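Dear colleague,

Please find the structure below, handed over for your own work. My notes on it come after.

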Amino acid sequence: MKVTVDIDCTPEEARRFMGLPDLSSVHEAYLEKMRKMVSEGVTAETMSDMMKSWGPMSEAGMNMWTQMFEQMSGKKK
C-alpha cells in the first residue's frame with residue numbers, strides 16, 4: 001500500500017509546524033554586515049576576522065596561516 005500526502009503551505013508555515021526557530025533577525029544582521037562590507041570595501045581587519053571565524057581552530061588556525069605566509073615571504077615579526 002502506498003499513501004501520498006500533499007501539504008500546501010509556505011516555508012514560514014512549515015518552519016512553525018516543525019518547531020524550528022525563527023532566524024530572520026540573525027539573517028538580517030548577517031545581510032547588514034555583508035552590505036556594510038561591500039559598501040566600505042574589504043579591509044585587512046575584516047579579512048582577518050573572516051579568516052579567523054572560517055578557519056579551523058579559529059585563532060590558532062589564523063596564527064598558523066600567518067606564520068606560514070610570513071615564512072614563505074621571508075618576513076619575520
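Predicted model: local features only at pLDDT ≥ 70, side-chain atom pairs only at ≥ 80, totals over all residues.

Residues are numbered from 1 along each chain as its sequence is written, and side-chain values use heavy atoms, with hydrogens and water left out.

The protein has four helices and zero strands (DSSP runs numbered from the N terminus: H or I, at least four residues, for helices; E, at least two, for strands). Of its 77 residues, 8% are buried (under 20% relative accessible area, 1.4 Å probe, protein chains only).

The 17 residues of α2 should span 24 Å at 1.5 Å a residue, which agrees with its end C-alpha atoms being 24 Å apart (the expected span is 1.5 Å times one less than the number of residues). After α2 comes G41, with a positive phi near 90°.

The largest pocket has a volume of about 300 Å³. Its lining has 13 residues, of which K33, M37, T46, D49 and M50 are the closest to its centre. (On a 1 Å grid over the protein atoms alone, a pocket is an open set of points where a 1.4 Å probe fits, with protein on both sides within 12 Å along at least five of seven lines; lining residues have an atom within 4 Å of a point. The volume is the space filled by probe spheres set on the points.) α2 (24-40) and α3 (44-54) each supply at least two lining residues, and the largest share, six residues, comes from α2.

Kind regards

Key
Buried < 20%, exposed > 50% of the residue type's maximum accessible area, 1.4 Å probe, protein only.
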